[in-house]
Each structure stands twice: as structure tokens, then as C-alpha cells.
Amino acid sequence: MNTPPIYTDTHTHLFSEEFAADADDVISRACDCGVGKMIMPAVSPQSYDAMEALAARYPGRLFATMGLHPTEQGDIEEAARRLEHHRDRYVAIGECGLDLYHHPETSEWQQELLNRHFELARCYDLPLIIHTREAMSLMRQMLGQNEGLRGVMHGFSGTADDYRAIRSTGDMLFGIGGVVTFKNSHLPEVVAAMSLDDMVLETDSPYLSPAPFRGKRNESCRIPLIAAKIAEIKGCSVEEVARATTANALRIFRI
Ligand SMILES: [Zn+2]
């Protein structure tokens, strides 16, 4: 029998309320499906403690990050303080980024906030987890002004040109999730132009369930559906997708 492919979910908000009742079941289902490691991007100070408690219960399996999501309210200096005191609890800076879809009116604040995350990433030598919505050209500009950063472009939804431009700014990987399975998504064309060496898998659970579960609560055990779609697009085996994307994730997060 073949060894099951070992996947990594690089983006799950397992500490959120949607999982409060059954997080342990969700984690054990993920493990049964070959999803051996899961990264939990921080969102806001309200959930830092829940995230850290969950990560502490599953050492080597769940990993926490530290940052402030651009659509949330809070003080980034709270994240900076936690990093200063407990650097070893975190494998990345974020989730950070630009969201001009939900909050175009806070664009300037979001840019300042993102620059602060860039500083923290350099200071603590950690990769970034970067969210971008309706802000790709501004993001390209900001990354271009900050060459040499490393991290993951979470929920990547840009063009092949965006991919090449962002990749050239630093050690950047691109998170591919359930959207690649949606009908009418342009993402398959972009994925076809991308190297497997530049991709990581992510659910963004509880959001963005892949087909045929679109609209339902997402969870890490759906990662193999995303891998299967990428394998179909790239004309390779699911094992190859699992191996490459997990190697990329372990390398960038140093886990
Ligand atoms: Zn997220």
C-alpha cells in the first residue's frame, strides 16, 4: 500500500467560534486525511489567547502566528509585545495585508499597518502571511519597495503577471485554496502558469470550502480536494502536489 500523502494546511482559523464546539474532531479528521500540520494565522487581539492555547495543546501539529488582520480593529503593538516576550510561540507574522474591498476608507492606516508587519518580519526573521483583496497593484508596489521579504501570498487571486512580479521581490510562496475548484474561477489558468515549487495549500477555514462543499463550513480535511484539482491542472499526481507543497510550507515556516 502507498503511504498516504502528507499535506500541510497553511491557513486555518481553527480558533474561531465556528470550531468552538468540535475543534478536536476537526483536527483528528484532518489527520485522518493526511493533513499533518496546520498553520493558524492570527486575526485580532480578541482571539490571540484562544489561538495560542490551541497551538499549545497540539505541539508539532498546530502552529500560531502573530499579527493584525487589515479588516480588524486593534493595536499592532499588542502583537509586537507578544513577539518580544514569546518569539518561539510563532512561526510567522500575520495575517496582515490590504483589504480595499471591505475597507477602502482605511487604506492609509492599512498601509502603515502593513509596513509595521514588514518591520516585525525583518526584526524577528519570520515569514509573512499576506492577505490581498482589491489591492493587488498597491501590494505589488509595497512589496517592490521592500525587497527581500519572505512569506505566503494567502488566497492568491492575482494574474500570472502578478505572480511573476511578486515572486521577484523576495522568497514568496502563493497559497492556493478552494477557489481553484469553483466554476468560473480564473485561478486554474494562473495555477497552470505557476511552478509547484511556488505553491502551498490552504483552506482558509471556516471559509471558502472547495467544491462540492461550497458554502458549507470549511475544514482542513478538505485540503486533498484542492490538491486533486491542482494535480488535474498541472497534469501530475496528487502525491507530487502533496510532496512539493508540504516541502515548500516546511521550508518557509521552518517547522
Ligand atoms: Zn485568514
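## Strand S3 and its partners

Strands S2 and S3 are paired in the parallel sense, over three bridges. This pairing belongs to a predicted model. Across it, methionine 38 faces leucine 62 of S3. Strand S3 also runs parallel to S4, to which two bridges join it. Here alanine 64 has tyrosine 90 of S4 as its bridge partner.

Strand S3 is mostly covered, with five of its five residues buried. Leu62, Ala64 and Met66 point one way from the strand, while Phe63 and Thr65 point the other way. The residues on both sides of S3 are buried. In a regular strand, side chains alternate between the two faces of the sheet.

## The sheet as a whole

The sheet is open and is formed by eight strands in the order S1-S2-S3-S4-S5-S6-S7-S8, with parallel pairing. At its edges lie strand S1 (7-9) and strand S8 (199-201), each of which pairs on one side only. On average, and with direction ignored, neighbouring strands of this sheet are turned by 30 degrees against each other.

Further along the order, strand S6 (residues 150-154) pairs with strand S7 (residues 171-176) over four bridges, in the parallel sense. Methionine 153 stands opposite phenylalanine 174, a residue of S7. Helix H9 (residues 238-253) packs on the sheet and touches S1, strand S2 (35-40), strand S3 (62-66), strand S4 (90-99), S6, S7 and S8. The direction of H9 makes about 95 degrees with that of S8.

## Helices H3 and H4

Two packed helices are described by the angle between their axes and the distance between the axes. For helix H3 (residues 76-86) and helix H4 (residues 107-124), the angle is about 5 degrees and the axes are 11 Å apart. Angles under 35 degrees count as roughly parallel, and H3 and H4 are therefore roughly parallel to each other.

On the H3 side, the contact is made by Ile76, Ala80 and Leu83; on the H4 side, by Leu113, Arg116, Leu120 and Tyr124. By class, this contact of H3 with H4 has six nonpolar residues, no polar ones and one charged.

## Helices H5 and H6

Helix H5 (residues 136-144) packs with helix H6 (residues 160-167) at an angle of about 20 degrees, and their axes are 10 Å apart. H5 and H6 are therefore roughly parallel to each other as well. The crossing in which H5 passes H6 is left-handed.

Met136, Arg140 and Leu143 of H5 make the contact with Asp162, Ala165 and Ile166 of H6. The residues in this contact of H5 with H6 divide into four nonpolar, no polar and two charged.

## Histidine 11

Histidine 11 lies in the loop between S1 and helix H1 (23-32). Is histidine 11 buried or exposed? It counts as buried, because it has 27 C-beta neighbours inside 10 Å, and 20 or more are enough for that class.

Leaving out residues up to four places away in sequence, histidine 11 touches Ile39, Pro41, Ile129, His154, Gly175, Glu202, Thr203 and Asp204. Histidine 11 and methionine 199 are 188 residues apart in sequence, and their C-alpha atoms are 13 Å apart in space.

Terms used: Residues numbered from 1 in each chain as written. Predicted model: local features only at pLDDT ≥ 70, side-chain atom pairs only at ≥ 80, totals over all residues. Axes fitted to C-alpha atoms, helices over the stretch in contact; angles between N-to-C directions. Parallel < 35°, antiparallel > 145°, perpendicular 65-115°, else oblique. Left-handed = near helix turned anticlockwise from the far one by under 90°. Contact = placed C-beta atoms within 7 Å. Nonpolar A, V, L, I, M, F, W, Y, C, P; charged D, E, K, R; others polar. Pairing = 2+ DSSP bridges. Buried ≥ 20, exposed ≤ 12 C-beta atoms within 10 Å, placed from the backbone.
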